[in-house]
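Subject: Structure for you to look at

Hello,

Here is the structure I promised. Please open it first, then read my notes beside it.

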Amino acid sequence: FPAGMIAAWIALVPLGAYLAVLAAAHLRRRPVLVSGTLDAALLAAAVSGLVAVGPLALLAPAVGRSPWSLPVLALVFALAAAICVLVSRPRLVVYNITVDQVRPLVAEIVSSLDPQVRWAGESAALPERGFQLHIEGSGPLRTVSVVNVGERSSPEGWGEFARRLRRAVRGLPVRPSP
């Protein structure tokens, strides 16, 4: 194979695998809920091939021909991806569902968790549980993110909410996404 063909395979195979997994999630008759951490890690793995043949290949001549140069560059990318995941807000990503379908589930769960819940648009504050959330939709992609937006949020409250939402989504029938 020519070098350009190998580089194209390295760049496109991880991205294609990621897109195939997303397509499979959207073809199911049930929504798929994943944590935001897993979603970001899978996205980083998907673009790793593009990074390997792009920016990392550009940096390779600068770091020399040491046998450690490629592992160090890969480690730098992995650390940058890990930092991005760690500084992002906690969130839950639900594939193959709309905001209109998720909002009643979230409303039922938060009202059972905290009777003092207050709604403002697509955001809810749960003062007794110590966290706030916001529902974000991505329009025609049928993907919804439920993001923890509180400055000082309770990990226990968010964890309980995530468990209940995972159970509620698991039983919800939906049509496959086009």
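W158 sits in helix α6, residues 155-170. Helices here are DSSP runs of H or I with at least four residues, strands are DSSP runs of E with at least two, and both are numbered from the N terminus. This is a predicted model: local features need pLDDT of at least 70, side-chain atom pairs count only at pLDDT 80 or more, and totals for chains, interfaces and linings use all residues. Residues are numbered from 1 along each chain as its sequence is written, and side-chain values use heavy atoms, with hydrogens and water left out.

Is W158 buried or exposed? W158 counts as buried, because its relative accessibility is 10%. The cut-offs are these: buried is under 20% relative accessible area, exposed is over 50%, and partly exposed is in between (1.4 Å probe, protein chains only).

What does W158 touch, leaving aside its neighbours within four places in sequence? Its contacts are P90, R91, L92, F131, L133, V146, V147 and N148. Contact means heavy atoms within 4.5 Å. Take F131 as one case. W158 and F131 are 27 residues apart in sequence, yet their C-alpha atoms are 6.8 Å apart in space.

Next, strand β2. This strand covers residues 91-95, and V94 is in it. β2 is mostly covered, with 4 of its 5 residues buried. V94 counts as buried because its relative accessibility is 0%. Leaving aside neighbours within four places in sequence, V94 is in contact with P31, V32, L33, R142, T143, V144 and V169. V94 and V146 are 52 residues apart along the chain, and 8.1 Å separates their C-alpha atoms.

β2 has two partners to look at. Two strands pair if DSSP finds at least two bridges between them. Strand β1, residues 32-35, pairs with β2 in the antiparallel sense over 4 bridges. There, S35 has L92 of β2 as its bridge partner. β2 and β6 also run antiparallel, joined by 5 bridges. In that pair, Y95 stands opposite T143 of β6.

β4 (residues 123-126) and β5 (residues 131-137) run antiparallel, with 4 bridges between them. A125 stands opposite Q132 in β5. The hairpin of β4 and β5 has 4 residues between the strands, and G130 takes a positive phi near 80° there.

β5 then joins β6 (residues 143-148) through 5 bridges, again antiparallel. E136 has S145 in β6 as its bridge partner. The hairpin of β5 and β6 has 5 residues between the strands, and its G139 takes a positive phi near 65°.

Which residues other than glycine also have a positive phi? N96 is one of them, with phi near 65°. R142 is another, with phi near 55°. Most residues other than glycine have a negative phi, and most peptide bonds are trans. N96 lies in the loop between β2 and α5 (99-113). N96 counts as buried because its relative accessibility is 0%. R142 is in the loop between β5 and β6. R142 is buried too, because its relative accessible area is 6%.

Last, the whole protein. There are 6 helices and 6 strands. From the N terminus on, the order is α-β-α-α-α-β-α-β-β-β-β-α. The radius of gyration is 20 Å, while a compact globule of 178 residues would have one near 16 Å. That radius is taken over C-alpha atoms, and the globule rule is 2.2 Å times the number of residues to the power 0.38. The C-alpha trace spans about 65 × 40 × 25 Å along its principal axes.

Of the 178 residues, 33% count as buried. Among contacts with a separation of 6 or more, 67% join residues 24 or more positions apart. The protein exposes about 10600 Å², and carbon and sulfur atoms supply 67% of it. Those areas come from the Shrake-Rupley method with a 1.4 Å probe; for residues, only the protein chains shown count as cover.

Best wishes
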